[in-house]
Amino acid sequence: MENKCPCCGSEEIMTGSLESAYGVAFIPDGQKGLVKKSSTVSALACRKCGAVFGFRLTDKPIKLTD
């Protein structure tokens, strides 16, 4: 996969994860119960213009629906 910024075309790309004081997680709609399956989210960011793109689940999506 070629990592190129969709905004400025730079190839100076960083990888990382989305985080906050309380954490950021993807939880599929429609889950029932108190304990929900979730995954953290990783992303790419451009060192030149700061665009954030290429969001991906760090866990395999199938694990969220089993």
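**Figure 1. Overview of the fold.** The protein has one helix and four strands, where helices (H or I, at least four residues) and strands (E, at least two) are DSSP runs numbered from the N terminus. This is a predicted model, in which local features need pLDDT of at least 70, side-chain atom pairs count only at pLDDT 80 or more, and totals for chains, interfaces and linings use all residues. Residues are numbered from 1 along each chain as its sequence is written, and side-chain values use heavy atoms, with hydrogens and water left out. Read from the N terminus, the order of elements is β-β-β-β-α. The C-alpha atoms fill a box of roughly 45 × 30 × 15 Å along the principal axes. The radius of gyration is 15 Å, whereas a compact globule of 66 residues would have one near 11 Å; this quantity is taken over C-alpha atoms, and the globule rule is 2.2 Å times the number of residues to the power 0.38. Buried residues account for 20% of the 66 residues, with buried meaning under 20% relative accessible area, exposed over 50%, and partly exposed in between (1.4 Å probe, protein chains only).

**Figure 2. The hairpin of β3 and β4.** Strand β3 (residues 39-46) pairs with strand β4 (residues 52-57) in the antiparallel sense over four bridges, pairing being assigned if DSSP finds at least two bridges between two strands. Five residues lie between the two strands of this hairpin, and in the turn G50 has a positive phi of about 85°.

**Figure 3. V41 in strand β3.** V41 belongs to strand β3 and stands opposite L57 in β4. V41 counts as buried because its relative accessibility is 12%. Beyond its neighbours within four places in sequence, V41 is in contact (heavy atoms within 4.5 Å) with S17, L18, V24, F26, F55, R56, L57 and T58.

Figure 4. The side chain of S39 reaches the backbone nitrogen of T58 at 3.2 Å. Residues up to four places away in sequence not counted, S39 touches A25, F26, L57, T58, D59 and L64.

Figure 5. Six residues, C5, I13, L44, C46, A51 and F53, make up the largest nonpolar core, defined as a set of buried Ala, Val, Leu, Ile, Met, Phe, Trp, Tyr and Cys residues joined through side-chain atoms within 4.5 Å. Apart from residues up to four places away in sequence, F53 touches K4, C5, P6, I13, A43, L44, A45 and C46.

**Figure 6. C49 in the loop between β3 and β4.** C49 is found in the loop between β3 and β4 and is partly exposed because its relative accessible area is 41%. Leaving aside neighbours within four places in sequence, C49 is in contact with C5, C7 and C8. The C-alpha atoms of C49 and G9 are separated by 9.6 Å, although these residues are 40 apart along the chain.

Note on methods: Polar contact = N/O pair within 3.5 Å; in protein donor to acceptor, adjacent residues only side chain to side chain.
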